[in-house]
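Please read this briefing alongside the sequence and the model. It is meant for someone meeting this structure for the first time.

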Amino acid sequence: MGKDAQQPDGQRLSRRALIGLAGAAGGGVLLGGGGYVALRDGGETVAEASPAIEPFYGAHQGGIVTPQQKYLHFAAFDVTAMGRSGLVELMQRWTQTAEGLTAGTTRGIEDPRRLTVTFGFGTSLFDSRFGLASSRPEALVDIPPFKHDKLDAGVSDGDICVQVCSEDKVVALHAAGALEAATRGSARMKWAQEGFVRDTLPGEKTPRNLFGFKDGSNNLKVADAAKMQSNVWVSDVDGPSWMAGGTYLVSRRILMQIEEFLPESPPLQEDTFGRSKATGAPLGEVGEFTAVDPAKVLADSHIMMANPRKPGSEAERILRRGYNYTNGYDPQLSSPTGGLFFLAFQRDPRRQFIPIQQRLDHGDRLTKYVVHQSSGMFAVPPGVAAGGFVGESLLR
């Protein structure tokens with residue numbers, strides 16, 4: 001799945017090699033990708049950290065409310081397996097493979113570095129091939145067209161999406177490759193996207209996008225269980241029953257026209273977002289997380305178009321989990337290309353993502369500097385118990 005797999009920055013060392021290095025250094029602590037090995041002066045091992053592992057099994061799939069990892073590999077597949085049984089076999093293999101990868105029991109990925117694998121079902125999976133048409137959730141709608149979109153059908157949608165996240169880029173790429181290999185010809189990759197989260201600056205908690213602004217200051221807090229229930233997780237009463245405990249994912253690849261935005265004056269940039277570039281605070285305020293005062297920002301600023309702070313706005317809020325991306329140099333634009341790979345989880349896109357995007361498309365000042373090129377809508381089923389497989393509530 002990865003297009004630029006590379007050797008890790010630091011190869012995994014054997015215990016003997018670690019002791020040898022420590023002897024040359026006179027003892028101390030050796031730092032590794034997943035933890036540490038503490039050594040006394042004589043080279044004796046006294047402690048070794050456990051690999052960084054995120055649980056695969058549970059009520060919800062990982063990679064949704066999991067604290068965001070640094071690297072992403074996202075891919076969409078079209079299923080080529082024949083009939084319902086072929087689809088079941090594919091999901092069983094993918095589940096088994098994902099469990100081994102995230103647990104660190106797969107050869108070559110003994111330390112998964114908080115690896116998560118998340119699966120979602122696209123609208124096209126519910127056609128006549130697998131007898132699932134009657135099970136398609138009403139909330140799994142086709143995203144309506146937006147006037148400023150310039151979508152490429154070749155990098156949009158797909159039967160099944162696979163989101164791979166890890167703190168280590170090589171782990172994410174290797175895991176993505178293992179998941180592609182596990183299809184065994186039952187699915188073919190349609191498109192893929194890599195992403196990364198920029199390191200935060202000293203004293204900051206919120207990462208920045210490629211325009212240099214903090215990204216996610218007003219995002220939902222995953223520790224707020226009430227908000228997760230009201231805005232992210234599908235409930236028993238929402239229907240269909242197989243989606244209870246699941247969520248809906250919208251993906252959008254958004255080209256950020258950096259060469260046009262960055263030369264703009266700082267005040268114009270800040271008016272466009274509605275926030276201070278230096279601190280992330282809403283204009284007219286001091287703290288990044290201070291509530292927005294609509295009287296102090298432009299009505300068509302990005303933060304006001306995304307959330308107008310009116311009755312009903314709280315019910316629209318989504319859990320954003322976006323990643324920056326770069327695609328090298330575009331000779332037609334004569335500039336480097338990159339932007340935001342937008343990922344958002346929500347309870348019902350009909351009352352959350354779609355009305356938000358309709359407002360942004362209609363009057364957001366930021367629209368001048370961004371182009372939506374890829375789009376997808378996926379039903380993310382609930383988590384799985386040991387011995388089961390992802391999507392079992394639908395396919396069984």
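This is a predicted model: local features need pLDDT of at least 70, side-chain atom pairs count only at pLDDT 80 or more; totals for chains, interfaces and linings use all residues.

Residues are numbered from 1 along each chain as its sequence is written, and side-chain values use heavy atoms, with hydrogens and water left out.

**Nonpolar cores**

- A nonpolar core is a set of buried Ala, Val, Leu, Ile, Met, Phe, Trp, Tyr and Cys residues joined through side-chain atoms within 4.5 Å, where buried means under 20% relative accessible area with a 1.4 Å probe and protein chains only.
- The largest such core has 64 residues, and Leu-87, Met-91 and Trp-94 are those with the most contacts inside it.
- Helix 2 (residues 83–103) gives this core its largest share, seven residues; helices here are DSSP runs of H or I with at least four residues, strands are E runs of at least two, and both are numbered from the N terminus.
- Another core, of 24 residues, lies apart from it and includes Leu-72, Phe-74, Leu-249 and Tyr-323.

**Helix 2 and its surroundings**

- Helix 2 has 21 residues and reaches 31 Å from its first C-alpha to its last, close to the 30 Å expected, a span taken as 1.5 Å times one less than the number of residues.
- Among the buried residues of helix 2 are Gly-86, Leu-90, Ala-98 and Leu-101, and what covers its buried residues includes strand 4 (71–79), strand 5 (116–122) and helix 3 (169–181).
- Leaving aside neighbours within four places in sequence, Trp-94 is in contact (heavy atoms within 4.5 Å) with residues including Phe-77, Phe-119, Ile-160 and Leu-179.
- Gly-104, which follows helix 2, has a positive phi, near 80°.

**Met-304**

- Met-304 has its place in helix 7 (residues 302–306), and it counts as buried because its relative accessibility is 8%.
- Pro-294 is ten residues from Met-304 in sequence, and the two are 7.4 Å apart in space, C-alpha to C-alpha.
- Beyond neighbours within four places in sequence, the contacts of Met-304 include Val-292, Pro-294 and Arg-309.

**Cavities**

- The largest cavity is lined by 41 residues, of which His-302, Ala-306, Arg-320, Phe-342 and Leu-360 lie nearest its centre; on a 1 Å grid over the protein atoms alone, a cavity is a set of points where a 1.4 Å probe fits but cannot get out, and lining residues have an atom within 4 Å of a point.
- Helix 9 supplies the largest share of this lining, five residues.

How values were computed
Buried means under 20% relative accessible area, exposed over 50%, partly exposed in between (1.4 Å probe, protein chains only). On a 1 Å grid over the protein atoms alone, a cavity is a set of points where a 1.4 Å probe fits but cannot get out, and a pocket is an open set with protein on both sides within 12 Å along at least five of seven lines; lining residues have an atom within 4 Å of a point.
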